[in-house]
Amino acid sequence: MKWMIYGANGYTGELIARQAVNDGLRPILAGRNGRQIHQLGDELGCETSIFALSREAAIEALRDIDLVLHCAGPFTDTSQVMIEACLETGTHYLDITGEIDVFEYVHSKQRSAQAKARGVILCSGVGFDVIPTDCVARKLKELMPDATSLALGFSAAAGISPGTMKTAIRGLGSSSMERVNGKLSPFSIGAKRRTIDFGRGSRTAIAIPWGDVSTAYYTTDIPNITTWVPVPTTAAYAARALSWFSPVLGKDAVQQRLLRYVDENVSGPTEAEREQSSTYVWGEATNEEGRKVVVRIQTASTYAFTVYGALAVVNRLLGSGRMLAGSFTPAMLFGSHFIEEIQGSSSFTIDEIRP
């Protein structure tokens, strides 16, 4: 099978490309920046493909490609064209997004039906967004089939890449999000707080619009889902205050200035930061009787895990014979224990809390 990394010159795309070659794989490196892509291709000994993300150009570039790993964000702006091209050419589609609207697009009835008809797998979120939390969600569903509420979260220490920072900036003008009775429901950023032990002591946490608000619903059918990260208590109050300025922060002029700042000042975590830090992932399922099950697992740092996780999915699909077709989450494809097989991950720990 021939496979491609689109956005191979980006921070995460390049990390994945280098690790893929180190693992003996030879992806086609693709993107719209010809100079950077050709330079990386020459260094790694990989074929290259240069094209911008228009529908026509993407269809032409993917005609003989079996699988594409899409790494060029913000994915809200780039994923739809790539997905449509994959459906046209019969190319399996993976990406490393964590954006809720992309997940909702991938898992829509129309997109799933198109993928099945074309014999294509659509699987968004094959990095840290959202493999660990998705596998925790599925594990909790296995442990508590009658769960009605699901809470997921993580505590990470490494820095942030330019692409992830830009995605966060794009979200400054919007609300946070949760799943209520099966429907996505917005609320003010910083409005929901609780105390959570992610695996290294209790911390104040706030609810954020993490991708599992979408993906965990398709993985588990649990109707009520929230997603959480730890913050200093003062930052929790600051996040609430920040929501008051969301109309200003969402204006194009403000967004463009913030995005330029990222281009000029944000480079992403160093190799040492990626290798020396780890991430703690937590999930809690609750049923109508008030019984709770808590699952925790430790993984490599967010960007290191994205490299390992994305390539684990690629390897599984490249090595498969006849595959399923349709829209999937990582845990729907590979099960809850997939996370435990990825480099840098521990095993699940499980606690039960009775009312």
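1. The model is predicted, so local features need pLDDT of at least 70 and side-chain atom pairs count only at pLDDT 80 or more, whereas totals for chains, interfaces and linings use all residues. Residues are numbered from 1 along each chain as its sequence is written, and side-chain values use heavy atoms, with hydrogens and water left out.

2. The chain has 15 helices and 16 strands; these are DSSP runs numbered from the N terminus, helices being H or I of at least four residues and strands E of at least two. Of its 355 residues, 53% count as buried (buried is under 20% relative accessible area, exposed over 50%, partly exposed in between, with a 1.4 Å probe and protein chains only). The chain exposes about 15400 Å², of which carbon and sulfur atoms supply 48%; accessible areas come from the Shrake-Rupley method with a 1.4 Å probe, and for residues only the protein chains shown count as cover.

3. Helix α3 spans residues 55–62, and its buried residues are Ala58, Ile59, Ala61 and Leu62. Viewed down the axis of α3, these buried residues fall within an arc of 165 degrees, so they line one face of the helix; the arc is taken from the directions from the helix axis to the C-beta atoms. The exposed residues Glu56 and Glu60 are carried on the face of α3 turned away from its buried side. The cover over the buried residues of α3 includes β1 (3–6), β3 (48–50), β4 (67–70) and α4 (75–89).

4. Nine aromatic pairs are counted in the model, where rings of Phe, Tyr and Trp (its six-membered ring) pair if their centres lie within 6.5 Å, and planes under 30 degrees apart are stacked, over 60 edge-to-face and the rest tilted. Phe128 and Phe154 form an edge-to-face pair, with 5.2 Å centre to centre and 75 degrees between the planes. Phe128 lies in the loop between β6 (121–123) and α7 (131–143) and Phe154 in strand β7 (residues 149–156), so this pair ties together parts that are 26 residues apart in sequence. Phe128 is buried at a relative accessible area of 3%, and Phe154 is buried at 9%.

5. Phe128 also forms an edge-to-face pair with Trp210, at 6.4 Å centre to centre and 70 degrees between the planes. This pair links distant parts of the chain, 82 residues apart, with Trp210 in the loop between β11 (202–207) and α9 (212–220). Trp210 is buried, with a relative accessible area of 15%. Ring pairs link Phe128, Phe154, Trp210 and Phe305 into a cluster.

6. Asn287, in the loop between β13 (278–286) and β14 (292–300), is buried at 7% relative accessibility. A polar atom of the Asn287 side chain lies 3.1 Å from the backbone nitrogen of Glu289. Apart from neighbours within four places in sequence, Asn287 is in contact with Met144, Asp146, Ala147 and Thr148.

Conventions. Contact means heavy atoms within 4.5 Å. A polar contact is a pair of N or O atoms within 3.5 Å; within protein, one must be able to donate a hydrogen and the other to accept it, and residues adjacent in sequence count only if both atoms are side-chain atoms.
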